[in-house]
Amino acid sequence: MPSSLQKRISNISRELALFITASFAVGMAGSLVESTLNNFLNDTFTLNGFQRSFLEFPREFPGFIVLFVSAALWFLGSRRMGGLAMLFAALGIFLIGFSSASYTTMVVFLFIFSVGNHLFMPVASTIGMELAADGKTGRRLGQLNAIRNLAAIGGSFIVFIGFKYLHFTYQHSFTIAALIFIIAAVLMFLMKPEKSAPPKTFLKLRKEYTLVYALAVLYGSRKQIFITFAPWVIVTIFHKPTQTIATLITIGGVIGILFQPILGKAIDRFGERVILSAEAVLLVFVCFGYGFSRSMFAENTAFIITCVCFLLDQVLMSVSMARSTYMKKIALHPADIQPALSASISIDHVFSIGVALLGGVIWNKFGFQYVFLLGVFIAIINFFVANRIRINKVMVKVKAEEQLSPVRD
């Protein structure tokens, strides 16, 4: 091992080491679930396009209420809250695997699982930025995302080998995911709890952060098309098995390991406006590929194009870290950051649920192609909104000096 790398590893603080390991565990468990959930739903309940999209209501509703749940649990602090979130995720996915006797009970357990996942989202961003050196928040979030991508490779590899050679069932993969979520919870509870005070702005939207909320609306709308309908195209239009999604997640994870740190550095260097605008442009092409490759090319070629779009879309999801770094730069006070990020998640999920239901109706009535045409429209709006980002660099420098504290990199 190079001496420079050894030195960097030895300089990692205990808190950062625990959080890195917890992030790895979350990434692996999430990959196990993501690789199998769509096939589980299709094989167990034989859902049509609208039924599948309707499931996004119980799955995404916790994202809407995360603002209120976070406010109610303020006394735990972000680290303890993260540990509790992972316990919810573990319980929910285990019950989905072993107690989904009916569609209704599965929906209840999916809600529990989703509460844990969504509660962890703002917590992860907040802790990641807390553990970053000044001026390097993008870099730190990029590193953590790369670690989660590495973990996702491990999770999808387990799915691929398990289902292809070891006669895995969905219960096997969900049990392993639950155990790994519990490990993540333990690691979060081992972190030193930060001092917490009753937040004054958790339930208040501030006009100074209007652009953050607007970006959240567009991100929620855009991500739902990827999360719900992109895998559903592969499973139901191209009729591919569980191993296909697992393989794509593995490849995406490998790409992400290389891409995430570069993306983080690019955010720090070029700014959020450039990165978010570039993402919007690429999404136009991705949505066209999803929606219309099958009508323009032979089946095999269309499937390859769809897979490329899936991989590019998977990588571009990480650009959302730019919204977190933007929020940190414009925050009037450090205590505003987690409440604003929680509010953003709640806002993005209102529109996420709406797009899921609207997309299901469009899929059933007009065809899956038009769902992705909606995605093109969202990407175009996203481009113009992202171009409105402006950051007062002088104010950012002043705040950085005021908040200066030693952080190990």
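**Close-up views of a predicted all-chain model**

Of the 409 residues of the protein chain, 56% count as buried, where buried means under 20% relative accessible area, exposed over 50% and partly exposed in between, with a 1.4 Å probe and protein chains only. The model is predicted: local features need pLDDT of at least 70, side-chain atom pairs count only at pLDDT 80 or more, and totals for chains, interfaces and linings use all residues. Residues are numbered from 1 along each chain as its sequence is written, and side-chain values use heavy atoms, with hydrogens and water left out.

**Figure 1. The protein chain and its confidence.** The protein chain has 16 helices and 0 strands; helices (H or I, at least four residues) and strands (E, at least two) are DSSP runs, numbered from the N terminus. Of the contacts in the chain with a separation of 6 or more, 87% join residues 24 or more positions apart, a contact being heavy atoms within 4.5 Å. The mean pLDDT (the predictor's confidence in each residue, from 0 to 100) is 81, and 87% of the residues score at least 70. Over residues 400–409 pLDDT stays under 50, and the model has 18 contacts beyond four places in sequence for them. Where pLDDT is low, the predicted coordinates should not be read in detail.

**Figure 2. The largest cavity.** The structure holds 5 cavities of 30 Å³ or more, and the largest has a volume of about 1,600 Å³. Of the 49 residues that line the largest cavity, Glu34, Met121, Arg148, Tyr219 and Met317 are the closest to its centre. On a 1 Å grid over the protein atoms alone, a cavity is a set of points where a 1.4 Å probe fits but cannot get out, and lining residues have an atom within 4 Å of a point. Grid points are joined across faces, edges and corners, and a volume is the space filled by probe spheres set on the points. Helix 6 (residues 103–130) gives the most to this lining, with 9 residues. By class, the lining of the largest cavity has 23 nonpolar, 19 polar and 7 charged residues; Ala, Val, Leu, Ile, Met, Phe, Trp, Tyr, Cys and Pro count as nonpolar, Asp, Glu, Lys and Arg as charged, and the others, Gly among them, as polar.

**Figure 3. The second largest cavity.** This cavity holds about 90 Å³ of space. Its lining comprises 13 residues, and Arg222, Ile225, Leu283, Cys287 and Gly375 lie nearest its centre. Helix 9 (210–237), helix 11 and helix 15 (368–386) each supply at least two lining residues, with helix 15 giving the most, 5 residues. The lining divides into 9 nonpolar, 2 polar and 2 charged residues.

**Figure 4. Glu272 in helix 11.** Glu272 is found in helix 11 (residues 272–296) and counts as buried because its relative accessibility is 1%. Its side chain makes a polar contact of 2.7 Å with the side chain of Thr325; a polar contact is a pair of N or O atoms within 3.5 Å, and within protein one must be able to donate a hydrogen and the other to accept it, while residues adjacent in sequence count only if both atoms are side-chain atoms. Not counting residues up to four places away in sequence, Glu272 touches Ile267, Ala322, Thr325, Tyr326, Lys329, Ile389 and Ile391.

**Figure 5. Thr244 in helix 10.** Thr244 lies in helix 10 (residues 242–270) and is buried, because its relative accessible area is 15%. Leaving aside neighbours within four places in sequence, Thr244 is in contact with Ile234 and Phe303. The C-alpha atoms of Thr244 and Ile234, 10 residues apart along the chain, are separated by 8.3 Å.

Key:
1 Å grid on protein atoms, 1.4 Å probe; cavity = no way out; pocket = protein on both sides within 12 Å on 5 of 7 lines; lining within 4 Å.
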